[in-house]
Amino acid sequence: MKNLTEVSLHHKGLAWYFIIVVFLAGFLAYFRLGRMEDPSFTIRQMVVTAAWPGATAEQMEQQVTDKLEKRFQDVPGIDYINSCTRAGSTIIYITLRDDVNRADIRPTWRDLRNFGEDVKARLPEGVYGPYYNDRFDDVYGSIYAVTGDGYSYEELRQSADRARRLILRVPSVQKVELLGVQEEKVYIEIEKSKLSALGIPPTAIAAAVKTQNQIAPSAMLETETDNVFLRVTGTFSDVEAIRETPVSAGGRIFRLGDIAAVERRYADPGETKMYFNGQPAVGIAVSMEPGGNVLQLGEDLNRLIARIRAEEPAGLEINRVSDQPAVVEESIGDFVSSLREAVFIVLLVNFLSLGVRTGMVVAGCIPLVLAGTLCVMYALGIDLHKVSLGALIISLGLLVDDAIIAVEMMSVKLEEGMDRFHAACHAFNVTAIPMLTGTLITCSGFIPVAFSVGDAAEFCESLFPVVASALLISWVVSVMVAPLFGTYLIRVRKPEGGDGAPVVLYQTPFYQLFRRLLGWFLRHRGLVLIGTAACFAVSVFLLRFVKQEFFPPSLRPEILIEMRLPEGSSKKATDAEAARFAAFLDERMDEIDNYSYYVGDGAPRFVLTKNPLTPAPNIAQFVIVARDVKTRKELTAEVRRELADAFPNVRVNLQLIQTGPPADYPVMLRVAGEDKDRVRELAAEVAGRLLTDDNYTDVHLDWNEKSKALRLELDQDKLRAMGISSQELAQTLYTEISGANVAEYYRGDRTIGIQLRLPEQDRGDLETLKELPVYLGAKGYVPLAQIAKISYEAENGVIWRRDLNPTVTVQANILRGTGDDAAKKALTMIADLRDDLPLGYTIEPGGSLEDSAKSMEDLMVPMPGMVLVIMTLLMIQLGNGKDMLLTILTVPLCIIGISAGMLLTGAAMGFVAILGILSLSGMIIRNTVVLIDQIRQHLAEGENPWDAVVDSAIMRSRPIMLTAATTILSMLPMMPNPFWQPMAVAIASGLLVATVLTLLIFPSMYAAMYHIEEPEKE
């Protein structure tokens, strides 16, 4: 290889030009890079819905869900299919395998649509759908709530809709959705006594309203100059016009308003409701285009919302509910602060150890490498976020290694009397290739995360390009820029009276002590290696006591609370319970920035790492934004106590937002099989065993209790005699109780349904159900009890399935420890039950434990490739199988430090920690390669093997310890961050032990491998 240092020193002007260009480009790139809180990852999920009014959950499952799921399973790339079937509706979640390429996801969804349309013809008559949502991954990072005391829902909607139209014009806005909009209806309610007395069939009322308001094609007159349309009046202009509708029955004409109450009001039961700080609200959810700058979008939205607020009428307010730009700004600010701290620590270590002038050489290289890395990030489209900034901090401890090695070697040669130019060029000749090999090996440690699949790997995928680019740029800087800086800055003093031999330079008390210690290790290498093996065995044993956690909770201030009433509960009951809890929160507004809640559904996906809830009448979700993280912890304890004491009949799930792929509960065990009742029995047994351990709390099944139902056993003989069918009777009951749409009323941009039904007092009491009037044509009306026997029963209100099998998930929160550890313990508690399951039944882990195991499997797939690359690089560099084997054997020994460090700090072993261990392996191999190369140089100079090993370890001790110190100390700013703490602890503790391994244990291994003995003293 051409001596790049010589090139740089011979063309100093050109070198300085590129240094300035890279600095300026990096500065500009920093301000142009996108800003995000978390890196994006692909949600490989599509939602398909269908409805069949009047069908039970069982009928819906068998006739709709099952047919669709069976067809969807034929779509290539499907991982699994979940479905939630309720009376009259089904929601099917289709999830793709992780190995499906992102570019193939949209075409796959198109195939799935086509498959669904194939099934549509075979679905029962009366089924609506299927409908497809392939934008399930949209993130609404900015959410606003329109509230106003004394304002109606319609006025709130109009204000929100106006704001929506304006927000859509803002650059980078992709989609704006309104939340909590309440549908209006015109209700025609006629008392059952009047129906019976007048003998007016419901069909007569429906026909009168529909024909009166129906819009027919208009005639057009074509004159010589113009087209003139004929507009016929008669459509409803207001509710009073509906009241004036004539109804003919029994030879008489009635005015609709005389026989029925006609009112325009909000639908009952209503749509999903949204509340902000206890007030009814209409939400505005804003989604950003991919690749947009969230901070710029936040500034644009702030300006626009401020102008909208200024023009709103008094009492109408637009409040901020979720502000992702502010969260991103704070998150990036924290990481940039950590980066500054890491830079300061690295500089301080270098100045203290190398001296001011030599330290300035290394200090000048750091910003240049960072600037070059920012340019690469901009070119590759990598935004500034939690992972990319963390990767920069990790790189910071590594990127100074090459510069330190280069200036160290240059300083040594200057002390030996060599001139500056030749000292700098000699450093390249001696260290450049080993450093490059070590750099490539360190980069290779990140190969698994770069080439594995899955959400976790995709979440952390920017680690590899950022670290690799930083290390490769640092190597270029160390061989071309560091020597250039060194020619100006490094000043050394030649040892007085020395002959220039390296040994003279290493005679300080520290080096003399280290020489004696190293000699003892080499002479007692058998004992040393046995002790090392014993320590390794103990550390592997201790790993079982390290906490296991896939991804830790984030530092976001939100507390998510899911309230779930018993199956079959009405939306009114859910709304009432949520209002009671809102009153509790109103008393603690000094601890809360704001809170919002949703009845009948959950919050939209306002952060990528939180899945939205499945809509149901019996659920409500609160999103509480605490003042800060400390307040969040205190508030969480208060909320837990209140929910446990005041809401005993409500199933509650309290969550914090995760930093990685989401899971609904820490412990999730899926029980699946063919028979629903048997599956329930097994799930109940699993839950019972969990309840014997006091660490598990909120233990429940995701579906268990049945819904209440009334069974009408019709007298078919009577019905046939009276000329009415079961279908007609069912339609009559549906109209009278639930209400049937008979026409539409047009008002502005709203299409309002006109619904016919009985008033509340005639349809809301189970005791009077038997008195409901049933129209029998010429026979008039008769009470329902005369033609049907009414009885009570229970039916499945909801049916969850996974891959065609009924599946009950046992869910639990925990009081202490981590979710992965608790889930593993739960599996141990039911091991005998799992081993004795009938054919076709399974009990499998779900949630974070399943995701963690799957991610580890995915991470292991590229591992052979990583090992092959590292071994190939070692063979190219070392050219010796023994040396390669020795180098590989040093890597597992870092477990000694990792297990101790994680146990002492309480850090959890998870996906991020595994990444740290992989990167640590590259660092260890890198130091070992440089040490072996130094030994070979001494051997080539004629030294005996014993002295070559000792002198090499002594000569490399300073740069190895210095680079280890900078790497370890640069991890300190990452320790307080829960996301990066496991990786920081793994790297710092592992590298601390690895430094001892490199300088003391590895020479002993090398001496044992080559049977090196101490020469006899003359």
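Q: How should I read the relative accessible area of Asp698, and does that residue count as buried, partly exposed or exposed?
A: Asp698 has a relative accessible area of 32% in this predicted model, and the residue therefore counts as partly exposed, since that class lies between the cut-offs of 20% and 50%. Asp698 belongs to strand E21, which runs over residues 696-701.

Q: What is the phi of Asp698?
A: Asp698 has a phi of about 55 degrees, a positive value although the residue is not a glycine. Ser172, likewise not a glycine, also has a positive phi, near 80 degrees. Ser172 is found in the loop between helix H5 (153-167) and strand E6 (173-179), and with a relative accessible area of 24% Ser172 is partly exposed.

Q: Which peptide bond is cis, and what is its omega?
A: The cis peptide bond is the one that joins Gly129 and Pro130, with omega at about 5 degrees. Pro130 itself is part of strand E4, which covers residues 128-133.

Q: What does the protein chain look like as a whole, in its helices and strands?
A: The secondary structure of the protein chain comes to 35 helices and 30 strands, while the C-alpha trace spans about 135 × 80 × 55 Å along its principal axes. Of the 1018 residues in the protein chain, 55% are buried. When contacts with a separation of 6 or more are considered, 80% of them are between residues 24 or more positions apart.

Q: How do I read the packing of two helices, for instance the angle at which H14 and H17 cross?
A: The angle is taken between N-to-C directions, and a value over 145 degrees counts as roughly antiparallel. The axes of helix H14 (residues 420-444) and helix H17 (residues 463-480) come within 10 Å and cross at roughly 180 degrees, which means that H14 is roughly antiparallel to H17. On the side of H14 the contact is made by Phe428, Ala432, Met435, Leu436, Thr439, Leu440, Thr442 and Cys443, and on the side of H17 by Phe464, Ala468, Leu471, Leu472, Trp475, Ser478 and Val479.

Q: How many residues of each class take part in the contact of H14 with H17?
A: Sorted by class, that contact has twelve nonpolar and three polar residues, and no charged ones.

Q: How is a pair of aromatic rings described?
A: Such a pair is described by the distance between the ring centres together with the angle between the planes. In this structure a search of the whole model finds 24 aromatic pairs. One is made by Phe510 and Tyr511, whose ring centres are 5.3 Å apart and whose planes stand at 70 degrees, so this pair is edge-to-face. Phe510 is partly exposed at 41% relative accessibility, whereas Tyr511, at 10%, counts as buried. Another pair is made by Tyr1006 and Tyr1010, with ring centres 4.8 Å apart and planes at 40 degrees, so this pair is tilted. Tyr1006 is buried, with a relative accessible area of 5%, and Tyr1010 is partly exposed, with 27%.

Q: Which residues form an aromatic cluster, and where does the charged end of Arg580 sit?
A: One aromatic cluster is formed by Tyr275, Phe581, Phe584, Tyr595, Tyr597, Phe622 and Phe647. The charged end of Arg580 sits over the ring of Phe647, 4.2 Å from the ring centre. Arg802 lies over the face of Tyr80, at 3.8 Å from the centre of that ring.

Q: Is Glu736 buried or exposed, and what is in contact with Glu736?
A: Glu736, in helix H25 (residues 726-737), counts as buried at 2% relative accessibility. Leaving aside neighbours within four places in sequence, Glu736 is in contact with Leu195, Arg757, Leu758, Arg763, Leu772, Pro773 and Tyr781. The C-alpha atoms of Glu736 and Met1009 are separated by 92 Å, and these two residues are 273 residues apart along the chain.

Note on methods: Residues are numbered from 1 along each chain as its sequence is written. This is a predicted model: local features need pLDDT of at least 70, side-chain atom pairs count only at pLDDT 80 or more; totals for chains, interfaces and linings use all residues. Side-chain values use heavy atoms; hydrogens and water are left out. Axes are lines fitted to C-alpha atoms, for helices over the stretch in contact, and angles run from 0 to 180 degrees between N-to-C directions. Helices (H or I, at least four residues) and strands (E, at least two) are DSSP runs, numbered from the N terminus. Angles under 35 degrees count as roughly parallel, over 145 as roughly antiparallel, 65 to 115 as roughly perpendicular and the rest as oblique. Contact means heavy atoms within 4.5 Å. Ala, Val, Leu, Ile, Met, Phe, Trp, Tyr, Cys and Pro count as nonpolar, Asp, Glu, Lys and Arg as charged, and the others, Gly among them, as polar. Rings of Phe, Tyr and Trp (its six-membered ring) pair if their centres lie within 6.5 Å; planes under 30 degrees apart count as stacked, over 60 as edge-to-face and the rest as tilted. Buried means under 20% relative accessible area, exposed over 50%, partly exposed in between (1.4 Å probe, protein chains only). A charge sits over a ring if NZ of Lys or CZ of Arg is within 6 Å of the ring centre and within 35 degrees of the ring normal.
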